[in-house]
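Open the model in a viewer and keep the selection panel at hand. The stops below go element by element.

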Amino acid sequence: MEDYRRIADRLAEEIYSGRLKAGERLPPQRVFARRRRIAGSTAGRVYGELVRRGLVVGEVGRGTYVRASPVPSGRALAEATPDVSVNLELNYPSVQGQSELLAGGLAPLLRADVLDDATRTVPATGTAAAREAVAGLLAGSGWRPRPDQLLFAGNARQAIAGVLASLVRPGGRVGVEELTYPLVKEIAERIGCPLVPLATDEEGLRPDAVAAAHRTAPLCALYVQPTLHNPTSVTAGDARKRELAAVVRALDLPVVEDRVWSFLHEEGVPFAAYAPERVHVVDGLSKRVAPGLTVGFLVAPGERVGAVAGALRSGGWTAGRFALEAGTRWIRDGTVERLVAQKRADAARRQRVVAELLGGFTVRADPYAYYAWWELPAPWRADTFTAAAAARGIAVTPGPAFAVGPRGAPDAVRLGLASVPVPVLGRALRTLRDVARGGP
């Protein structure tokens, strides 16, 4: 009997070559088995292998479909998608005059005497100037980190990897919102930490879901996005944060708070303000400034600074000195503050375009977020809609990229609003609106 993996290899080749196109439905397994003259159980293993490789998606009662892209879901958010003219997957905000602002801060670094120092190595603790500048940058209502709590990574993703590696041994369970940042799924897989999806509501992570999951089998840590959750834009209120703080204290549970997008939310009080002894805060410059020259920030509870610094060093995740020096200068000379103000206004402008063009659909977004979560009208599925959008030169992120666990995600897509000019965004949204109305 032919090995099911060889059959899966041939189907994979057809998908990669384009002979089986994105969104195309595969025959039912019994029909596939009959055509290939194989056992029904073998057909089931072939389809299961294709699902495991991320090449197809199967849903009970709907069938099995070729995925919109044979790229693992996390990387779909990190790299450009080829063959599209409008990319609403990538989400790096840039505003008019940004390069000119940044150039002013870089100019002093190019002097020979300064450049010599700026190209040396730097420890995970950075420099005294960087710690002071970032402590001020991250300070919010009711919370200001101490400079001696600050650590630095190459970017926020590396900061997440470093803190999780310091907290969780292989096999340790990490609780996350049921929809979460896709690259966290990749990070957890690489360090051997299974993710546990936790129920959410209109205010984000539910404290009772954390407690219930911990009773089932102890959690080692939580990873949460309480402010402008990606992809839903939900922000937890003060009461919810207090409830969650009480639960993590009772369970003696460490928390990783991702605040990379929180700079857009002017009044967002960090969750760390409610449980500073439990919460590790991750932030960075990639969204505030630019993705190509950035630094990740990590605020650790005092007694954990050494352990997290060690994890950053051993993983090779510490910041580059030049980027750290540039970021420090941009913070101290007001460049970052000016860019943040411009990007808040830019995000609000783009959200008005979304509200105008997709007003008749179920779209979840915050007026100041750079993304929107579009729950698609029936009978659209996330993958088939993503394929239909790609056929028109528009890349969007299917909901399953964010889903954790067997429940999966609703038939939704995330729209990244930041990376294309506003007129292009408007044209793309009109096209997507027409696609949604036309049906699959």
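Start with helix α8, residues 182-191. Seven of its ten residues are buried, so the helix is largely enclosed by the rest of the structure. This is a predicted model, and what follows is computed from it. To see the enclosed part of α8, select P182, L183, V184, K185, E186, I187 and A188, which are the buried residues. Before leaving, step to G192, which follows α8 and has a positive phi, near 75°.

Next, select helix α2 (residues 29-36) together with helix α3 (residues 40-52). Their axes come within 8 Å and cross at roughly 110°. That angle falls in the range of 65 to 115 degrees, so α2 is roughly perpendicular to α3. The crossing of these two helices is right-handed. For the residues at the contact, show Q29, F32 and A33 on the α2 side, and G40, A43, G44, V46 and Y47 on the α3 side. Sorted by class, the contact of α2 with α3 has five nonpolar residues, three polar ones and no charged ones.

Stay on α3 and pick E49, which is found in this helix. Is E49 buried or exposed? Its relative accessible area is 9%, so E49 is buried, the cut-off being under 20%. Apart from neighbours within four places in sequence, E49 is in contact with Y4 and A8.

Show side chains for Q98, L101 and L102 in α4, which meet T335, R338, L339, Q342 and K343 in α13. By class, this contact of α4 with α13 has three nonpolar, three polar and two charged residues.

Then turn to the aromatic rings. How many aromatic pairs does the structure hold? There are nine aromatic pairs. One to display is W261 with Y370, a tilted pair at 6.1 Å centre to centre with 55° between the planes. W261 sits in the loop between β11 (255-258) and β12 (279-284), and Y370 in the loop between β14 (362-364) and β15 (371-375), so the pair ties together parts that are 109 residues apart in sequence. Both W261 and Y370 are buried. Another pair to show is W380 with F385, which is edge-to-face, with 5.2 Å centre to centre and 90° between the planes. W380 and F385 are buried as well.

The last stop is T318, found in the loop between α11 (305-315) and α12 (321-332). Its relative accessibility is 26%, so T318 counts as partly exposed. Which residues touch T318, leaving aside its neighbours within four places in sequence? Select V122, A124, F152, A153, G154, L312 and R313, with which T318 is in contact. To finish, draw a distance from the C-alpha atom of T318 to that of L432: they are separated by 41 Å, and the two residues are 114 residues apart along the chain.

Conventions: Residues numbered from 1 in each chain as written. Predicted model: local features only at pLDDT ≥ 70, side-chain atom pairs only at ≥ 80, totals over all residues. Heavy atoms only, no water. Phe/Tyr/Trp six-rings, centres within 6.5 Å; stacked < 30°, edge-to-face > 60°. Helix = DSSP H or I, 4+ residues; strand = E, 2+ residues; numbered from the N terminus. Buried < 20%, exposed > 50% of the residue type's maximum accessible area, 1.4 Å probe, protein only. Axes fitted to C-alpha atoms, helices over the stretch in contact; angles between N-to-C directions. Parallel < 35°, antiparallel > 145°, perpendicular 65-115°, else oblique. Left-handed = near helix turned anticlockwise from the far one by under 90°. Contact = heavy atoms within 4.5 Å. Nonpolar A, V, L, I, M, F, W, Y, C, P; charged D, E, K, R; others polar.
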